[in-house]
Amino acid sequence: PALSLVDPELTASCPPQLTGDGGIDIFMHVLDPYITSTAECQLADRISEGGMITVIENLSRAMKNGSDMEARSNLSWASTVALCGLPFEGRGGAFPLHVMEHSLSGYYDLSHGRGLACLMPAWLKASLPACGDRLGSIAKRVFYVDTSKMTSGEAAWCGYECIVNWLKGIGMYCTLRELGVDDRYFEKMADDAILLYGHNKDFIENQPALTREGIVAIYRNSLG
C-alpha cells in the first residue's frame with residue numbers, strides 16, 4: 001500500500017485468543033530470521049530483540065484487558081516495525097516456521113498465529129544444533145537470564161525453555177492434536193511448503209536446512 005493507517009483503537013474489540021494469535025505472529029516475524037541468519041549485524045539483532053521484548057511485555061496485558069490502549073499501541077507499533085523489513089536488514093534470515101505454518105493453515109482451519117504457536121517448540125528443538133548461540137542470546141538479551149556461568153548448550157536450552165514457558169504463561173502453548181489436527185496430510189503439507197518456498201530446491205531454508213523428512217518430523221513432533 002502507498003499508505004497504512006495503524007490505529008490500535010481499531011483492535012480493541014479483538015477477543016483475547018485472536019489478540020494472542022496476532023501477537024505470536026509479530027513475535028515470529030522477528031524470531032524466524034533472528035534464528036536462521038548466518039550473518040552478523042548488531043543493529044538488526046537489537047531491533048529484533050526489542051520487538052520480542054515488546055511483545056512479551058504487552059501481549060498478556062492486551063489479552064487480559066482489550067481496552068488497554070498502551071499495550072495495544074505498543075503491539076501495533078511492534079507489528080509495523082516487525083513487518084516492514086527493518087529487523088533483518090543487514091543480516092537477512094529465512095522464515096521457515098512461517099513457511100511450514102502456511103501449509104498447516106492451508107489444510108486445516110487454523111489461524112496463522114495459532115499454528116505458529118503449535119509448531120514453534122518443535123521447530124526450535126530441530127534448530128538447536130545449528131542455532132544454539134542464537135537461543136542463548138535470547139535467554140540473555142530478551143528474557144534477562146544471567147547466562148555467564150552456563151555452557152553454550154545450557155544457555156541455548158535455557159533460551160528454548162524461556163520461550164516455551166512464556167507461551168504457556170500467556171495461554172498460547174498448544175499441540176496440533178488439541179486443535180483437531182492429525183497426520184493424514186503431513187507429507188502433502190511438506191511438499192507444498194517446498195514447492196511454494198523452496199526456490200527450486202528440495203528443501204526450505206533453515207539452520208539446518210529442512211528437507212521433506214525434516215518438515216514432516218516437525219509436524220509430527222507438534223502433535224503432542
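The bend at a residue is the angle between axes fitted to the seven residues ending there and the seven starting there. In this predicted model, helix H2 has a kink of about 35 degrees, centred on Asn58. The points below cover that helix, the cysteines, a surface patch and some backbone features.

**Helix H2**
- Helix H2 covers residues 42–64, and at 1.5 Å a residue its 23 residues should span 33 Å.

**Cysteines**
- The structure contains zero disulfides.
- Cys14 counts as partly exposed, at 28% relative accessibility.

**Nonpolar surface patch**
- Leu195, Leu196 and Tyr197 make a nonpolar surface patch of about 340 Å².
- Leu196 lies in helix H7, residues 186–197, and is exposed with a relative accessible area of 59%.

**Backbone features in loops**
- Tyr144 is not a glycine, yet it has a positive phi of about 60 degrees.
- Tyr144 sits in the loop between helix H5 (112–141) and helix H6 (152–169), and is exposed with a relative accessible area of 57%.
- His199 has a positive phi too, near 55 degrees.
- His199 is in the loop between H7 and E1, and counts as exposed at 57% relative accessibility.
- The peptide bond from Gln207 to Pro208 is cis, with omega near -5 degrees.
- Pro208 belongs to the loop between strand E1 (203–204) and strand E2 (210–211).

How values were computed. Residues numbered from 1 in each chain as written. Predicted model: local features only at pLDDT ≥ 70, side-chain atom pairs only at ≥ 80, totals over all residues. Heavy atoms only, no water. Disulfide = S-S within 2.5 Å. Buried < 20%, exposed > 50% of the residue type's maximum accessible area, 1.4 Å probe, protein only. Helix = DSSP H or I, 4+ residues; strand = E, 2+ residues; numbered from the N terminus. Expected span 1.5 Å × (residues − 1). Patch = residues over 30% accessible without salt bridge, like charges linked within 9 Å, V, L, I, M, F, W, Y side chains within 5 Å. Areas by Shrake-Rupley, 256 points an atom, 1.4 Å probe, with all protein chains shown as cover. Salt bridge = Lys/Arg side-chain N within 4 Å of Asp/Glu carboxyl O.
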